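Dear colleague,

I am handing over a structure for you to look at, and below it I have written out what was found. Please keep the structure open while you read.

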Amino acid sequence: MQIEQLQIFEIDNPHQVSSVEVHAQVLITSWVVIALLIALPVVATRNLQTIPTGLQNFIEYVLEFIRDLTRTQMGEEEYRPWVPFIGTMFLSIFVSNWSGALLPWRVIQLPHGELAAPTNDINTTVALALLTSVAYFYAGLHKRGFSYFGKYIQPTPVLLPINILEDFTKPLSLSFQLFGNILADELVVAVLVSLVPLIVPVPMMLLGLFTSAIQALISATLAAAYIGESMEGHH
Amino acid sequence: MERVVNMRVAAPAALSMAVIPCRASSARSSSGRVPAIRGAADQKVRVRYNCAFFQEALQNVALKVSQNPTVRKAAFLAMNTLWAIPAIAEEAEEKGKIFDFNLTLPIIVAEFLLLMLALDNLWFKPVAKVMDERDEAIRQKLMGVRDNSDEIKKLQEQAEAILKAARAETTAELNKMRRETAASLDAKLQESRQRVEKELAEALANLESQKEETLRSLDKQVQELSDQIVAKVIPF
(Lines give C-alpha, C1' and ligand atoms only; values in the text may rest on other atoms or scores of the structure.)
Protein backbone atom coordinates (compact mmCIF):
# COMPACT_ATOMS: atom_id res chain seq x y z
CA MET A 1 0.00 0.00 0.00
CA GLN A 2 1.21 3.41 -0.83
CA ILE A 3 0.79 4.65 2.67
CA GLU A 4 2.88 1.90 4.03
CA GLN A 5 5.73 2.94 1.86
CA LEU A 6 5.58 6.32 3.39
CA GLN A 7 5.37 5.05 6.88
CA ILE A 8 8.71 5.48 8.24
CA PHE A 9 10.99 3.36 10.15
CA GLU A 10 10.38 4.17 13.72
CA ILE A 11 13.37 4.69 15.78
CA ASP A 12 13.42 1.57 17.79
CA ASN A 13 15.93 2.54 20.38
CA PRO A 14 14.52 5.81 21.59
CA HIS A 15 17.40 8.07 22.34
CA GLN A 16 17.45 10.43 25.19
CA VAL A 17 18.53 13.98 25.12
CA SER A 18 21.89 13.80 26.84
CA SER A 19 20.75 11.17 29.32
CA VAL A 20 18.04 13.45 30.67
CA GLU A 21 14.50 12.82 29.70
CA VAL A 22 11.94 15.03 28.15
CA HIS A 23 8.17 14.88 28.02
CA ALA A 24 7.92 15.25 24.32
CA GLN A 25 4.13 15.35 24.23
CA VAL A 26 4.22 18.48 26.38
CA LEU A 27 6.69 20.09 24.03
CA ILE A 28 4.61 19.25 20.97
CA THR A 29 1.42 20.69 22.40
CA SER A 30 3.24 23.74 23.74
CA TRP A 31 4.60 24.38 20.27
CA VAL A 32 1.10 24.28 18.89
CA VAL A 33 -0.03 26.75 21.57
CA ILE A 34 2.88 29.05 20.74
CA ALA A 35 2.07 28.81 17.03
CA LEU A 36 -1.54 29.81 17.72
CA LEU A 37 -0.51 32.67 19.98
CA ILE A 38 1.89 34.05 17.41
CA ALA A 39 -0.38 33.55 14.41
CA LEU A 40 -3.20 35.56 15.96
CA PRO A 41 -1.45 38.95 16.31
CA VAL A 42 0.43 38.50 13.04
CA VAL A 43 -2.86 38.14 11.21
CA ALA A 44 -4.66 40.77 13.20
CA THR A 45 -2.06 43.54 13.05
CA ARG A 46 -1.82 43.46 9.27
CA ASN A 47 -3.79 46.61 8.78
CA LEU A 48 -4.16 48.57 11.98
CA GLN A 49 -6.69 51.35 11.73
CA THR A 50 -7.79 54.07 14.07
CA ILE A 51 -11.33 52.81 14.14
CA PRO A 52 -10.95 49.12 14.86
CA THR A 53 -13.06 46.39 13.37
CA GLY A 54 -13.28 42.63 13.69
CA LEU A 55 -10.05 40.93 14.71
CA GLN A 56 -8.28 44.16 15.61
CA ASN A 57 -11.15 44.96 17.94
CA PHE A 58 -10.70 41.57 19.57
CA ILE A 59 -6.97 41.86 20.17
CA GLU A 60 -7.40 45.40 21.45
CA TYR A 61 -10.01 44.11 23.87
CA VAL A 62 -7.64 41.39 25.08
CA LEU A 63 -4.83 43.89 25.55
CA GLU A 64 -7.16 46.24 27.40
CA PHE A 65 -8.25 43.38 29.63
CA ILE A 66 -4.66 42.41 30.44
CA ARG A 67 -3.67 46.01 31.07
CA ASP A 68 -6.60 46.50 33.37
CA LEU A 69 -5.75 43.33 35.27
CA THR A 70 -2.14 44.42 35.70
CA ARG A 71 -3.06 47.97 36.61
CA THR A 72 -5.53 46.84 39.25
CA GLN A 73 -2.92 44.74 40.98
CA MET A 74 0.13 46.90 40.62
CA GLY A 75 -1.06 50.47 40.59
CA GLU A 76 -1.01 53.12 37.92
CA GLU A 77 2.65 54.15 38.02
CA GLU A 78 4.52 50.91 37.64
CA TYR A 79 2.29 48.48 35.80
CA ARG A 80 3.50 49.23 32.28
CA PRO A 81 6.72 47.16 32.17
CA TRP A 82 4.93 44.10 33.53
CA VAL A 83 2.13 43.91 31.00
CA PRO A 84 4.06 41.56 28.65
CA PHE A 85 4.87 39.13 31.44
CA ILE A 86 1.36 38.98 32.88
CA GLY A 87 -0.14 38.97 29.40
CA THR A 88 1.98 36.05 28.28
CA MET A 89 1.17 34.21 31.49
CA PHE A 90 -2.54 34.68 31.04
CA LEU A 91 -2.64 33.98 27.32
CA SER A 92 -0.38 30.93 27.39
CA ILE A 93 -2.30 29.30 30.23
CA PHE A 94 -5.65 30.18 28.70
CA VAL A 95 -4.81 28.91 25.23
CA SER A 96 -3.10 25.80 26.65
CA ASN A 97 -6.12 24.89 28.74
CA TRP A 98 -8.67 25.56 26.05
CA SER A 99 -6.60 23.81 23.38
CA GLY A 100 -6.45 20.78 25.61
CA ALA A 101 -10.21 20.82 26.02
CA LEU A 102 -11.29 21.79 22.51
CA LEU A 103 -8.75 20.45 20.05
CA PRO A 104 -9.06 16.76 19.15
CA TRP A 105 -5.63 15.74 20.33
CA ARG A 106 -6.42 12.09 20.84
CA VAL A 107 -6.95 11.61 17.15
CA ILE A 108 -3.19 11.80 16.74
CA GLN A 109 -1.94 8.60 18.27
CA LEU A 110 1.44 8.47 19.82
CA PRO A 111 3.31 5.25 20.40
CA HIS A 112 3.36 5.94 24.10
CA GLY A 113 1.57 8.59 25.98
CA GLU A 114 -0.90 10.97 24.48
CA LEU A 115 -1.29 14.59 23.58
CA ALA A 116 -3.30 16.81 25.87
CA ALA A 117 -3.10 20.27 27.36
CA PRO A 118 0.50 21.18 28.12
CA THR A 119 -0.58 22.41 31.52
CA ASN A 120 -1.53 18.95 32.67
CA ASP A 121 2.13 18.24 33.24
CA ILE A 122 3.76 19.17 36.50
CA ASN A 123 6.79 20.50 34.64
CA THR A 124 4.82 23.21 32.87
CA THR A 125 2.96 24.44 35.90
CA VAL A 126 6.03 24.42 38.13
CA ALA A 127 7.93 26.25 35.38
CA LEU A 128 5.29 28.99 35.33
CA ALA A 129 5.20 29.20 39.10
CA LEU A 130 8.97 29.45 39.34
CA LEU A 131 8.95 32.18 36.72
CA THR A 132 6.42 34.06 38.84
CA SER A 133 8.61 33.64 41.90
CA VAL A 134 11.67 34.90 40.11
CA ALA A 135 9.62 37.77 38.72
CA TYR A 136 8.43 39.02 42.05
CA PHE A 137 11.85 38.66 43.60
CA TYR A 138 13.33 40.60 40.74
CA ALA A 139 10.63 43.25 41.01
CA GLY A 140 11.19 43.71 44.73
CA LEU A 141 14.97 43.83 44.50
CA HIS A 142 14.95 46.11 41.47
CA LYS A 143 12.60 48.54 43.09
CA ARG A 144 13.78 48.59 46.66
CA GLY A 145 17.28 47.18 46.61
CA PHE A 146 18.39 45.23 49.63
CA SER A 147 15.79 46.82 51.85
CA TYR A 148 13.49 44.38 50.08
CA PHE A 149 14.65 41.79 52.57
CA GLY A 150 13.25 43.96 55.31
CA LYS A 151 9.84 42.72 54.33
CA TYR A 152 10.55 39.45 56.06
CA ILE A 153 10.40 41.06 59.47
CA GLN A 154 7.80 43.56 58.43
CA PRO A 155 4.78 43.45 60.73
CA THR A 156 6.75 41.89 63.56
CA PRO A 157 9.98 39.82 63.64
CA VAL A 158 8.02 36.98 65.21
CA LEU A 159 6.50 36.33 61.78
CA LEU A 160 9.91 35.78 60.15
CA PRO A 161 9.52 31.98 59.71
CA ILE A 162 6.05 32.44 58.26
CA ASN A 163 7.29 35.04 55.80
CA ILE A 164 10.08 32.74 54.69
CA LEU A 165 7.62 29.89 54.35
CA GLU A 166 5.46 32.11 52.20
CA ASP A 167 8.23 32.26 49.62
CA PHE A 168 7.92 28.52 49.22
CA THR A 169 4.18 28.16 49.46
CA LYS A 170 3.47 30.81 46.87
CA PRO A 171 4.97 28.93 43.91
CA LEU A 172 3.76 25.64 45.35
CA SER A 173 0.17 26.75 45.52
CA LEU A 174 0.29 28.43 42.12
CA SER A 175 1.66 25.36 40.41
CA PHE A 176 -0.57 22.88 42.14
CA GLN A 177 -3.82 24.69 41.63
CA LEU A 178 -3.24 24.87 37.90
CA PHE A 179 -1.86 21.34 37.60
CA GLY A 180 -4.55 19.79 39.74
CA ASN A 181 -7.40 21.58 38.03
CA ILE A 182 -6.36 20.71 34.50
CA LEU A 183 -5.25 17.16 35.14
CA ALA A 184 -8.29 16.34 37.21
CA ASP A 185 -10.62 17.77 34.60
CA GLU A 186 -8.97 15.69 31.90
CA LEU A 187 -9.17 12.55 34.01
CA VAL A 188 -12.83 13.04 34.85
CA VAL A 189 -13.72 13.70 31.23
CA ALA A 190 -11.72 10.68 30.10
CA VAL A 191 -13.44 8.43 32.61
CA LEU A 192 -16.88 9.77 31.74
CA VAL A 193 -16.22 9.32 28.04
CA SER A 194 -15.04 5.77 28.60
CA LEU A 195 -18.28 5.05 30.44
CA VAL A 196 -20.90 7.02 28.49
CA PRO A 197 -19.39 8.66 25.44
CA LEU A 198 -22.44 10.45 24.12
CA ILE A 199 -24.14 13.29 26.00
CA VAL A 200 -23.16 12.88 29.62
CA PRO A 201 -19.59 14.18 29.44
CA VAL A 202 -20.63 17.43 27.76
CA PRO A 203 -21.65 19.37 30.92
CA MET A 204 -18.39 18.26 32.50
CA MET A 205 -16.50 19.49 29.46
CA LEU A 206 -18.27 22.85 29.61
CA LEU A 207 -17.46 23.12 33.29
CA GLY A 208 -13.89 22.26 32.39
CA LEU A 209 -13.77 25.11 29.88
CA PHE A 210 -15.10 27.50 32.48
CA THR A 211 -12.77 26.45 35.28
CA SER A 212 -9.72 26.36 33.05
CA ALA A 213 -10.43 29.92 31.93
CA ILE A 214 -10.82 30.93 35.56
CA GLN A 215 -7.53 29.21 36.37
CA ALA A 216 -5.75 31.24 33.72
CA LEU A 217 -7.23 34.42 35.15
CA ILE A 218 -6.32 33.41 38.69
CA SER A 219 -2.74 32.54 37.81
CA ALA A 220 -2.25 35.83 36.04
CA THR A 221 -3.96 37.84 38.78
CA LEU A 222 -1.98 36.17 41.54
CA ALA A 223 1.28 36.68 39.68
CA ALA A 224 0.45 40.36 39.26
CA ALA A 225 -0.61 40.60 42.91
CA TYR A 226 2.64 39.06 44.15
CA ILE A 227 4.70 41.35 41.96
CA GLY A 228 2.71 44.38 43.05
CA GLU A 229 2.96 43.43 46.67
CA SER A 230 6.70 43.00 46.55
CA MET A 231 7.11 46.33 44.79
CA GLU A 232 5.07 48.30 47.24
CA GLY A 233 6.06 46.47 50.40
CA HIS A 234 3.86 45.65 53.31
CA HIS A 235 2.40 48.84 54.59
CA MET B 1 -10.98 -2.76 6.64
CA GLU B 2 -11.98 -1.78 10.07
CA ARG B 3 -9.99 -0.31 12.74
CA VAL B 4 -10.50 0.26 16.39
CA VAL B 5 -10.04 3.86 17.25
CA ASN B 6 -10.49 5.37 20.64
CA MET B 7 -11.96 8.77 20.53
CA ARG B 8 -12.05 11.12 23.39
CA VAL B 9 -13.94 13.98 21.91
CA ALA B 10 -16.48 12.63 19.50
CA ALA B 11 -17.68 15.65 17.57
CA PRO B 12 -14.51 17.58 16.71
CA ALA B 13 -12.60 14.40 16.02
CA ALA B 14 -15.18 13.27 13.53
CA LEU B 15 -14.68 16.47 11.65
CA SER B 16 -10.92 16.48 11.70
CA MET B 17 -8.82 15.08 8.95
CA ALA B 18 -6.01 13.66 10.96
CA VAL B 19 -3.54 11.12 9.80
CA ILE B 20 -4.88 7.80 10.89
CA PRO B 21 -2.39 5.10 10.25
CA CYS B 22 -4.47 2.10 9.36
CA ARG B 23 -1.96 -0.65 9.34
CA ALA B 24 -2.91 -4.23 8.90
CA SER B 25 -0.48 -5.49 11.44
CA SER B 26 0.65 -3.38 14.26
CA ALA B 27 3.09 -4.12 16.98
CA ARG B 28 1.76 -1.27 19.02
CA SER B 29 -1.51 -1.31 20.79
CA SER B 30 -3.90 1.40 19.89
CA SER B 31 -5.31 2.00 23.30
CA GLY B 32 -4.46 5.40 24.60
CA ARG B 33 -3.74 5.27 28.28
CA VAL B 34 -5.31 7.45 30.83
CA PRO B 35 -2.20 9.09 32.18
CA ALA B 36 -0.82 8.15 35.53
CA ILE B 37 -3.22 5.30 36.13
CA ARG B 38 -1.01 2.40 35.34
CA GLY B 39 -2.38 -1.04 34.99
CA ALA B 40 -5.90 0.14 34.49
CA ALA B 41 -7.66 -2.48 32.49
CA ASP B 42 -8.29 -1.57 28.91
CA GLN B 43 -11.97 -1.56 29.32
CA LYS B 44 -12.85 1.33 27.18
CA VAL B 45 -15.67 1.36 24.84
CA ARG B 46 -14.18 0.65 21.45
CA VAL B 47 -15.74 2.49 18.67
CA ARG B 48 -15.46 0.44 15.57
CA TYR B 49 -15.32 2.42 12.52
CA ASN B 50 -14.72 2.08 8.98
CA CYS B 51 -11.77 4.16 7.97
CA ALA B 52 -11.75 3.01 4.37
CA PHE B 53 -12.89 6.43 3.26
CA PHE B 54 -9.99 8.09 4.99
CA GLN B 55 -7.64 5.50 3.66
CA GLU B 56 -8.69 6.21 0.12
CA ALA B 57 -8.17 9.92 0.51
CA LEU B 58 -4.79 9.35 2.05
CA GLN B 59 -3.89 6.92 -0.71
CA ASN B 60 -4.59 9.55 -3.30
CA VAL B 61 -2.37 12.01 -1.50
CA ALA B 62 0.30 9.38 -1.07
CA LEU B 63 0.12 8.52 -4.75
CA LYS B 64 0.69 12.07 -5.77
CA VAL B 65 3.49 12.52 -3.28
CA SER B 66 5.31 9.33 -4.15
CA GLN B 67 5.33 10.12 -7.82
CA ASN B 68 7.44 13.18 -7.35
CA PRO B 69 10.86 12.15 -6.11
CA THR B 70 11.85 15.40 -4.34
CA VAL B 71 8.50 15.76 -2.63
CA ARG B 72 8.78 12.18 -1.64
CA LYS B 73 12.12 12.69 0.02
CA ALA B 74 10.90 15.79 1.78
CA ALA B 75 7.82 13.99 3.03
CA PHE B 76 10.03 11.14 4.15
CA LEU B 77 12.21 13.45 6.19
CA ALA B 78 9.25 15.30 7.61
CA MET B 79 7.47 12.19 8.75
CA ASN B 80 10.69 10.84 10.11
CA THR B 81 11.16 13.85 12.31
CA LEU B 82 7.53 13.93 13.28
CA TRP B 83 7.53 10.34 14.36
CA ALA B 84 10.92 10.51 16.02
CA ILE B 85 9.77 13.05 18.54
CA PRO B 86 7.08 10.98 20.21
CA ALA B 87 9.55 8.12 20.30
CA ILE B 88 11.53 10.19 22.73
CA ALA B 89 8.46 10.31 24.88
CA GLU B 90 8.45 6.56 25.16
CA GLU B 91 11.23 6.35 27.63
CA ALA B 92 9.81 8.87 30.04
CA GLU B 93 6.34 7.42 30.00
CA GLU B 94 7.62 4.07 31.16
CA LYS B 95 8.17 5.39 34.64
CA GLY B 96 4.67 6.66 35.20
CA LYS B 97 5.47 8.98 38.05
CA ILE B 98 3.07 11.80 38.59
CA PHE B 99 5.75 14.22 39.77
CA ASP B 100 8.19 13.61 37.01
CA PHE B 101 10.53 16.57 36.82
CA ASN B 102 12.96 16.56 33.98
CA LEU B 103 14.45 18.63 31.22
CA THR B 104 10.98 19.67 30.14
CA LEU B 105 10.90 22.25 32.89
CA PRO B 106 13.74 24.49 31.73
CA ILE B 107 12.64 24.04 28.14
CA ILE B 108 9.20 25.36 29.05
CA VAL B 109 10.82 28.26 30.89
CA ALA B 110 12.84 29.11 27.80
CA GLU B 111 9.76 28.79 25.58
CA PHE B 112 7.78 31.09 27.86
CA LEU B 113 10.46 33.78 27.80
CA LEU B 114 10.77 33.60 24.03
CA LEU B 115 6.99 33.72 23.71
CA MET B 116 6.95 36.76 25.98
CA LEU B 117 9.46 38.56 23.75
CA ALA B 118 7.59 37.58 20.60
CA LEU B 119 4.18 38.64 21.91
CA ASP B 120 5.56 41.88 23.22
CA ASN B 121 6.93 42.83 19.85
CA LEU B 122 4.12 41.45 17.72
CA TRP B 123 1.05 42.20 19.77
CA PHE B 124 1.43 44.36 22.87
CA LYS B 125 3.64 47.07 21.43
CA PRO B 126 1.87 47.74 18.11
CA VAL B 127 -1.63 47.50 19.53
CA ALA B 128 -0.69 49.65 22.53
CA LYS B 129 0.72 52.22 20.14
CA VAL B 130 -2.49 52.38 18.14
CA MET B 131 -4.61 52.60 21.27
CA ASP B 132 -2.50 55.34 22.82
CA GLU B 133 -2.45 57.32 19.59
CA ARG B 134 -6.20 57.11 19.43
CA ASP B 135 -6.55 58.30 23.02
CA GLU B 136 -4.23 61.21 22.30
CA ALA B 137 -6.16 62.19 19.17
CA ILE B 138 -9.43 62.13 21.08
CA ARG B 139 -7.95 64.25 23.85
CA GLN B 140 -6.66 66.77 21.32
CA LYS B 141 -10.05 67.03 19.71
CA LEU B 142 -11.69 67.59 23.06
CA MET B 143 -9.21 70.34 23.91
CA GLY B 144 -9.90 71.95 20.52
CA VAL B 145 -13.59 71.95 21.17
CA ARG B 146 -13.11 73.62 24.53
CA ASP B 147 -11.04 76.46 22.90
CA ASN B 148 -13.82 77.20 20.46
CA SER B 149 -16.26 77.77 23.25
CA ASP B 150 -13.91 80.39 24.77
CA GLU B 151 -13.90 82.32 21.51
CA ILE B 152 -17.62 82.15 21.36
CA LYS B 153 -17.87 83.54 24.86
CA LYS B 154 -15.60 86.43 23.92
CA LEU B 155 -17.69 87.22 20.87
CA GLN B 156 -20.80 87.10 22.96
CA GLU B 157 -19.35 89.58 25.42
CA GLN B 158 -18.38 91.91 22.60
CA ALA B 159 -21.87 91.75 21.18
CA GLU B 160 -23.37 92.51 24.54
CA ALA B 161 -21.06 95.48 25.03
CA ILE B 162 -22.03 96.89 21.66
CA LEU B 163 -25.68 96.43 22.45
CA LYS B 164 -25.32 98.17 25.78
CA ALA B 165 -23.49 101.10 24.21
CA ALA B 166 -26.13 101.44 21.52
CA ARG B 167 -28.89 101.29 24.08
CA ALA B 168 -27.21 103.96 26.21
CA GLU B 169 -26.77 106.15 23.19
CA THR B 170 -30.36 105.92 22.18
CA THR B 171 -31.63 106.67 25.64
CA ALA B 172 -29.36 109.69 25.84
CA GLU B 173 -30.65 110.91 22.52
CA LEU B 174 -34.17 110.29 23.61
CA ASN B 175 -33.70 112.23 26.82
CA LYS B 176 -32.13 115.12 24.98
CA MET B 177 -34.95 115.28 22.53
CA ARG B 178 -37.44 115.05 25.31
CA ARG B 179 -35.83 117.90 27.17
CA GLU B 180 -35.64 120.06 24.06
CA THR B 181 -39.24 119.57 23.17
CA ALA B 182 -40.26 120.21 26.72
CA ALA B 183 -38.28 123.42 26.73
CA SER B 184 -39.78 124.63 23.51
CA LEU B 185 -43.23 123.69 24.67
CA ASP B 186 -42.66 125.56 27.86
CA ALA B 187 -41.55 128.60 25.95
CA LYS B 188 -44.56 128.47 23.73
CA LEU B 189 -46.79 128.01 26.71
CA GLN B 190 -45.27 131.01 28.43
CA GLU B 191 -45.68 133.14 25.36
CA SER B 192 -49.26 132.26 24.81
CA ARG B 193 -50.01 132.77 28.47
CA GLN B 194 -48.53 136.18 28.34
CA ARG B 195 -50.49 137.01 25.25
CA VAL B 196 -53.60 135.83 26.86
CA GLU B 197 -52.89 137.77 29.97
CA LYS B 198 -52.23 140.89 27.91
CA GLU B 199 -55.41 140.48 26.05
CA LEU B 200 -57.20 139.86 29.27
CA ALA B 201 -55.75 142.97 30.77
CA GLU B 202 -56.67 144.93 27.70
CA ALA B 203 -60.15 143.55 27.77
CA LEU B 204 -60.48 144.36 31.41
CA ALA B 205 -59.22 147.82 30.87
CA ASN B 206 -61.68 148.14 28.07
CA LEU B 207 -64.44 146.96 30.21
CA GLU B 208 -63.37 149.30 32.94
CA SER B 209 -63.44 152.24 30.63
CA GLN B 210 -66.74 151.18 29.25
CA LYS B 211 -68.03 150.82 32.71
CA GLU B 212 -66.79 154.25 33.57
CA GLU B 213 -68.36 155.61 30.47
CA THR B 214 -71.62 153.89 31.10
CA LEU B 215 -71.59 155.02 34.62
CA ARG B 216 -70.92 158.54 33.51
CA SER B 217 -73.66 158.36 30.92
CA LEU B 218 -75.90 156.79 33.44
CA ASP B 219 -75.07 159.55 35.79
CA LYS B 220 -76.02 162.04 33.13
CA GLN B 221 -79.21 160.18 32.42
CA VAL B 222 -80.00 159.88 36.04
CA GLN B 223 -79.48 163.56 36.36
CA GLU B 224 -81.80 164.19 33.47
CA LEU B 225 -84.36 161.78 34.78
CA SER B 226 -84.31 163.27 38.16
CA ASP B 227 -84.65 166.69 36.65
CA GLN B 228 -87.61 165.50 34.77
CA ILE B 229 -89.13 163.86 37.78
CA VAL B 230 -88.59 166.96 39.78
CA ALA B 231 -90.11 169.04 37.04
CA LYS B 232 -92.99 166.71 36.97
CA VAL B 233 -93.49 166.37 40.61
CA ILE B 234 -93.01 169.91 41.57
CA PRO B 235 -95.66 171.70 39.51
CA PHE B 236 -94.75 175.15 39.52
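In what follows, a residue is called buried when its relative accessible area is under 20%, exposed when that area is over 50%, and partly exposed in between, as computed with a 1.4 Å probe on protein chains only. This is a predicted model, in which local features need pLDDT of at least 70 and side-chain atom pairs count only at pLDDT 80 or more, while totals for chains, interfaces and linings use all residues. Residues are numbered from 1 along each chain as its sequence is written, chains are lettered from A and ligands numbered from 1 in the order in which they are written, and side-chain values use heavy atoms, with hydrogens and water left out.

Let me begin with one helix. Helices are DSSP runs (H or I, at least four residues), numbered from the N terminus. Helix α6 of chain A covers residues 160-195 and contains Pro171(A), and shortly before this proline there is a kink of about 30° at Phe168(A), where the bend is the angle between axes fitted to the seven residues ending at a residue and the seven starting there. The 36 residues of α6(A) should span 52 Å, and the end C-alpha atoms are 51 Å apart, which agrees; the expected span is 1.5 Å times one less than the number of residues.

Pro171(A) counts as buried because its relative accessibility is 12%, and Pro171(A) touches Ala129(A) and Ser133(A), leaving aside residues up to four places away in sequence, where contact means heavy atoms within 4.5 Å. Asp185(A), also in helix α6 of chain A, is buried at a relative accessible area of 16%, and with the same exclusion of residues up to four places away it touches Gly180(A), Met204(A) and Gly208(A).

Arg67(A) is buried, at 7%, whereas Asp132(B) is partly exposed, at 29%.

With kind regards

Terms used
Helices (H or I, at least four residues) and strands (E, at least two) are DSSP runs, numbered from the N terminus.
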